Structures are given as structure tokens and as C-alpha cells.
Amino acid sequence: MARYTGPKTKISRIFGEPILGNGKYLGKNSNPPGQHGATRKRKQLGEYALQLREKQKAKYTYGVLERQFRNLFEEANRRKGVTGEVLIKLLEARLDNTVFRLGIAPSRPAARQLVSHKHITVNGHVMNVPSYQLKPGDIIGLKDKTAGNTALTSVIRGKNPKFSWLDWNEKENKGTFIAYPERDSVPENIKEQLIVELYSK
């Protein structure tokens, strides 16, 4: 199971955004990483560089490596609708992302760990594949043994009310993936059209 394990703040400084959840150093030091980050003149990025940068931002944000990301793009390209918007919908429908959005885990890496360690169920069955694609109507919950672990349940914060495509039952600690989200509802600052242009070359 491959994942990015490098320095998170360095990635955030490259993009100038807290895309990996930790933005406390961005205000103090917003320069690009590296010894000469503060003095190096920033070049105007070309078309290809902008497209590549946007793809990398999406990959780091959702914790997806290149092969998985390309497979998701090809799946989005096969489906009806605007390819870029469908790609964002597929990324949002990943199990690890949904566990994070529901508030069960404080971050996507933490959500990925919960899933891979068999703490999460989908429709009553244990699911340990972080990239599992949810379908509308799927119910996500905690395994019975996990639900009794106060160390894990104490960090559950409940879903953000802005995420209208998800429903959270606080009493049962279960959530429902109601539908694929509309692009306007997804808060991530990703220009998906640049990704489509990159893969269309």
C-alpha cells in the first residue's frame, strides 16, 4: 500500500496552501522550501508547469499516487458528464476521504489508517481498502469493537454541515454517503480543468 511519507510542511510551502492539513508555518515562512527559497526569483510558470502543479496538488490533497490517479482520471473520462467534475466526485467518494469528511478521523492520513487497520465498516462489513469507491446509499460506521474504544471515539467530531452529500447519525456513530457531491460543494481549491488539459496532451 503506497502513500506519501515525506515532510508535509514542505509540500504545503510549495503550493502556499495547507493542503496536507498543517498550515501553522505558512504565515511565519511562506517562502518556497530550500536553502535559497527566500532569495530565488519566482519564474512565471508556463502552461505545462501550471497543469502539472494542479495535478500534484490534487494527488497530495487526497493522498493518491500517480497510477491510482491516472486510473481515476480514465474512469472519469469514461463516465457521462464533465470529466474534471467527475474526477473530483470520484476522489470525494473514496472511503478514506469520506471517513475524514464525516469527522470520524481528524485528517485524511488518519482516516486511511483507520480503514487499513480494519476499524471501518461499509454496509455492516469490515472494509480495509482506503481507495474503495462508495456508492450513494452506502452506510459507513465503526466496527463494534472499535465503537467501544473511547480513545478512538473521543476524537470523532461529527461532520461539517456544509457537506450536504453526507449524513451523520451521532447516536449510532454511522454516516451515509447520500450522493456524489456537486463540484460547487467541494471546498478544495483545485482547478480540475488544468488536470484534464494535462492528460489530454
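Predicted model: local features only at pLDDT ≥ 70, side-chain atom pairs only at ≥ 80, totals over all residues.
Which residues in H1 meet which residues in H2?

1. **Contact of H1 with H2.** On the H1 side, the residues involved are Ile11, Ile14 and Phe15; on the H2 side, they are Arg53, Gln56, Lys57 and Tyr60. Sorted by class, this contact comprises four nonpolar, one polar and two charged residues.

2. **Geometry of H1 and H2.** Helix H1 covers residues 8-15 and helix H2 covers residues 47-62. The two helices pack at an angle of about 145°, and their axes are 11 Å apart. The crossing by which H1 passes H2 is left-handed.

3. **Geometry of H4 and H9.** A further helix pair is formed by H4 (residues 83-92) and H9 (residues 192-199), whose axes lie 8 Å apart at an angle of about 110°. Because angles of 65 to 115 degrees count as roughly perpendicular, H4 is described as roughly perpendicular to H9.

4. **Contact of H4 with H9.** From H4, the residues Thr83, Gly84, Glu85, Leu87 and Ile88 take part, and they meet Glu192, Ile195 and Val196 of H9. By class, the contact has four nonpolar, two polar and two charged residues.

5. **The sheet.** Five strands make up an open sheet with antiparallel pairing, and their order is E2-E1-E3-E5-E4. Strand E2 (125-126) and strand E4 (166-169) are the edge strands, each pairing on one side only. In general, strands of a sheet pair through backbone hydrogen bonds.

6. **Pairing of E3 with E5.** Strand E3 spans residues 139-142 and strand E5 spans residues 174-177; the two run antiparallel and are joined by three bridges. Within this part of the sheet, Ile140 has Gly175 in E5 as its bridge partner.

7. **Surroundings of Leu114.** When neighbours within four places in sequence are left aside, Leu114 is in contact with Val99, Ile104, Ala105, His119, Ile120 and Leu152. As for Asn128, that residue is 14 residues from Leu114 along the chain, and the C-alpha atoms of Leu114 and Asn128 are separated by 8.3 Å.

Note on methods. Residues numbered from 1 in each chain as written. Heavy atoms only, no water. Axes fitted to C-alpha atoms, helices over the stretch in contact; angles between N-to-C directions. Helix = DSSP H or I, 4+ residues; strand = E, 2+ residues; numbered from the N terminus. Left-handed = near helix turned anticlockwise from the far one by under 90°. Contact = heavy atoms within 4.5 Å. Nonpolar A, V, L, I, M, F, W, Y, C, P; charged D, E, K, R; others polar. Pairing = 2+ DSSP bridges. Parallel < 35°, antiparallel > 145°, perpendicular 65-115°, else oblique.
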